[in-house]
Amino acid sequence: MKVYFLGTGTSQGIPIIGVDHPVCKSTDAKDKRLRVAIWITWNEHSYVIDCGPDFRQQMLSCGCRHLDAILFTHEHADHTAGLDDIRPYNFRQGEIPVYAHQRVIDNLKRRFEYVFETVNKYPGAPSVKTIEVINNEPFAVGDKMAIPVNVMHGDLQVFGYRIDDFAYLTDVKTIEEAEIKKLKNLKVLVVNALRVEPHDTHFNLQEALDFINLVQPEIAYLTHISHVLGFHEEVQKQLPKNVFLAYDNLEITI
Ligand SMILES: [Zn+2]
């Protein structure tokens, strides 16, 4: 299984429009971060987790020609705003299955009303088939199973997903004991780490490291990163030996 980091930045991306912070001005490609998403592939299977506003650019960068489904974590715009750009896949494949919490499906129906139109739908509009994700009900993705992991982003429920020995959790601030049990014996854990300073709805760096210490994956990657966390190269030097800052276009094999 291969995991390709399509984007690793927090909601505004890095650089931020009109901001002169040194990290936003950095010439290191690893300091340029699109909005968070990953592309997971194995054999002929191809899935993305989230579809944010950078989706088109990300799909061009990674060369994804075929998409089996989108798994959504939650409805925030940095994770969903690219839904209109699935159309090239629709034109080649037909409707794309979308897995999400029922609350997220309802939210998408309001925000992308034209996608769900049943009368006089515009022929070029995106086309999706929604499938509700229910906690503690793993579902098939190709010949593997995706296990939903329920986490909290402040007061908002968010799904992470485990597939085999890989788990992807973003926008976590708190997680219950029963959910942490789903994360035993991971080869790779991806988890969010926003910045050094605490934040109301996101793990800061220390909280992410404490969580990694608790879960004990073989390797962990940090994502959903703010420019104020610092330069990629400098932050990486301070991390434990099995923890890495993810960066855009990084591809790992599990
Ligand atoms: Zn987010």
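## Strand pairing

Strand S8 (residues 144-153) and strand S9 (residues 156-163) run antiparallel and are joined by eight bridges; strands are DSSP E runs of at least two residues, helices are H or I runs of at least four, and both are numbered from the N terminus. Two strands count as paired if DSSP finds at least two bridges between them. Within this pair, Val-149 stands opposite Gly-160 in S9.

The model is predicted: local features require pLDDT of at least 70 and side-chain atom pairs pLDDT 80 or more, while totals for chains, interfaces and linings use all residues. Residues are numbered from 1 along each chain as its sequence is written.

An open sheet of seven strands has the order S7-S8-S9-S10-S11-S12-S13, with mixed pairing. Because S7 (139-141) and S13 (243-245) are the edge strands, each with a single partner, one side of each lacks a neighbour in the sheet. Neighbouring strands are turned by 25° against each other on average, direction ignored.

Helix H7 (residues 205-215) packs on the sheet and touches S11 (188-192), S12 (219-223) and S13; its direction makes about 155° with that of S11. Axes are lines fitted to C-alpha atoms, for helices over the stretch in contact, and angles run from 0 to 180 degrees between N-to-C directions.

## Contacts of Val-191

Beyond neighbours within four places in sequence, Val-191 is in contact with residues including Phe-203, Ala-208, Phe-211 and Ile-212; contact requires C-beta atoms, placed from the backbone, within 7 Å.

## Annotated span

The unreviewed UniProt entry annotates residues 35-224 as "domain: Metallo-beta-lactamase"; such annotations may be inferred rather than shown by experiment. The end C-alpha atoms of this span lie 8 Å apart, and the span is 23% helix and 31% strand.

Terms used
Two residues are in contact if their C-beta atoms, placed from the backbone, lie within 7 Å.
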